[in-house]
Amino acid sequence: MATFVDRVVLHLQAGDGGHGCVSIHREKFKPFGGPDGGNGGHGGSVSLVVDPQVTTLLDFHFHPHVKADNGKGGAGSNRDGANGRNLVLKVPNGTVVQTTDGTVLADMVGAGTTFEVARGGRGGRGNASLANAKRKAPGFAELGEPGDQLDIVLELKSVADVGLVGFPSAGKSSLISVISAAKPKIADYPFTTLVPNLGVVRVDNHTFTVADVPGLIPGAATGKGLGLEFLRHIERCAVLVHVIDSATLEPGRDPVADIDAIEAELSQYGGLADRPRLVAVNKVDVPDGRDLAEIVRPDLEERGYRVFEVSAATREGLKELTYAMADLVDAERKAAPPAEPTRIVIRPMAVDDDGFTITAETDGSFTVRGVRPERWVKQTNFDNDEAVGYLADRLARLGVEDKLAKAGAQPGDLVRIGEREFDWQPTLYAGVDFVPGNRGTDVRLEEKSNRASAAERLAARKARRVRSADEVGADASDDEDFEDDAE
């Protein structure tokens, strides 16, 4: 069984944020201690990091479900919950992170490259953090935000300078075993190599890596044989070397036909037409192989290939081949643009950007999309009327009410924010200041409220202070009668 895995599907779950705490400070001789509920901790995130010591995705193949720690909930006495531990997954160099539909999220090349693939949820604020001048003792707290949950695909594309391509049993594994320290499996039957092999080659002051790509046969680009699974490993190669078997006993096989078949597969796979090619006619230590190599050499050179007659058994011609590889790799490295340090780009939000959009649906409903409105809805406890009123205040201050009215929304229309649906009633929210009530309730959400308005209460106070004209006249007449009696 091969212990090399180059494609896995991971099911990721970042940690959820901890809930905020609702608490009132209670202490002897302090009857109005005030709110002291702590904030919830943030959930742990899931990140990928390139580790040079990791060469396969085998661990993820057996453990595809990954979950980070949740944040802890807040507690009384202003105690915040602990943050969830971040989870760091080590991946090989050359790993491509994709969504399940093929969208590339990150191309991880270079030791230490890090990518946060799933963000942990924010912790909810406790009622101590939600208190303000008008809401001195909130009877609610924010819920923790759920962490990101998604499926990703990890594909390993070997980072090599030279790729050896050819039919099975052409001698690619033998060739890489003698020009480098790699020790692949070698046998005299097709498809001996089931995994790509990497070897490091040193020529004078040049060092480069060589990859042995197995399983290329006619039809490999469409899924035949093993080629479709391993063609991705030559995408990053700067130089391709055709390894040709000059001593094959299969009928209908010759070096020119083999190269044509492999080139057809490479062309069908796409993206490799600009890579320089070399041809290594292997097994010239066999008498018939040397004769065939001398016959086909003029035809291959006429096509523009540099041909090298080599033997992995006797190491004949390997020095010239490795020097040619080194020259091409050095030329490709010099032609490549110089590496630039990563630039931090700051993109501030536009001054006229509200951070949300409103879409009128065909069924007459309206959908509000935006990071802040959707996060606020997730953090709201809808079993608490005061928390719902606080959400209404935040949405009104953000401008959601005004935009809904401009979009043509009428009272009673269905409005969706995230996974929640509401019947829009602007009279409950827009332009209404917070009115203190019992903890955990909001009088604005009551169908019938007996509470007098501020204007009514002010008028009542003025009426109590101003005596009527009849009362003033009665007092004056009483004073006159008193004076007459005195005389």
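Where is the place of Ser173? Select Ser173 and you land in helix α3. Helices (H or I, at least four residues) and strands (E, at least two) are DSSP runs, numbered from the N terminus.

Before going on, note that this is a predicted model: local features need pLDDT of at least 70, side-chain atom pairs count only at pLDDT 80 or more, and totals for chains, interfaces and linings use all residues. Residues are numbered from 1 along each chain as its sequence is written, and side-chain values use heavy atoms, with hydrogens and water left out.

**Stop 1: helix α3**

Stay on Ser173. Its relative accessible area is 9%, so Ser173 is buried. Buried means under 20% relative accessible area, exposed over 50%, and partly exposed in between (1.4 Å probe, protein chains only). An unreviewed UniProt entry places the annotation "binding site" on Ser173 and Thr193. UniProt positions are given here in the numbering used for this model, feature names are shortened, and annotations may be inferred rather than shown by experiment.

Now select residues 172-179, the whole of α3. Of its 8 residues, 6 are buried, so the helix is largely enclosed by the rest of the structure. The buried ones are Lys172, Ser173, Leu175, Ile176, Ser177 and Ile179. Which elements do they pack against? Show β9 (162-165), β10 (197-203), β11 (206-212), β12 (239-245) and α7 (318-335).

**Stop 2: Val162**

Move to Val162, in strand β9. Val162 is buried, with a relative accessible area of 0%. Display its contacts (heavy atoms within 4.5 Å). Leaving out residues up to four places away in sequence, Val162 touches Phe208, Thr209, Val210, Ala211, Cys237, Val239, Val241, Met325 and Val329. Next, pick Pro276. It is 114 residues from Val162 along the chain, yet their C-alpha atoms are separated by 10.0 Å.

**Stop 3: an open sheet**

Select β4, β2 and β7. These 3 strands form an open sheet in the order β4-β2-β7, with mixed pairing. Strands of a sheet pair through backbone hydrogen bonds, either parallel or antiparallel. Here, two strands pair if DSSP finds at least two bridges between them. β4 and β7 (114-118) stand at the edges, each with a single partner strand, so one side of each has no neighbour in the sheet.

How many bridges join β2 to β4? Strand β2 (residues 46-50) and β4 run parallel, joined by 5 bridges. Val46 stands opposite Leu87 in β4. Val49 has Lys90 as its bridge partner there.

Colour β4 (residues 87-91) by face. Leu87, Leu89 and Val91 make the covered face, while Val88 and Lys90 make the uncovered one.

**Stop 4: aromatic rings**

The structure holds 2 aromatic pairs. Rings of Phe, Tyr and Trp (its six-membered ring) pair if their centres lie within 6.5 Å; planes under 30 degrees apart count as stacked, over 60 as edge-to-face and the rest as tilted.

Select Phe140 and Tyr390. This pair is tilted, at 5.3 Å centre to centre and 45° between the planes. Phe140 lies in the loop between α2 (127-130) and β8 (149-156) and Tyr390 in helix α9 (residues 385-398), so the pair ties together parts that are 250 residues apart in sequence. Are they buried or exposed? Phe140 is buried at 3% relative accessibility, and Tyr390 is buried at 11%.

Then select Phe382 and Phe422. Their ring centres are 5.8 Å apart and their planes are at 40°, so this pair is tilted. Phe422 counts as partly exposed, at 24% relative accessibility.
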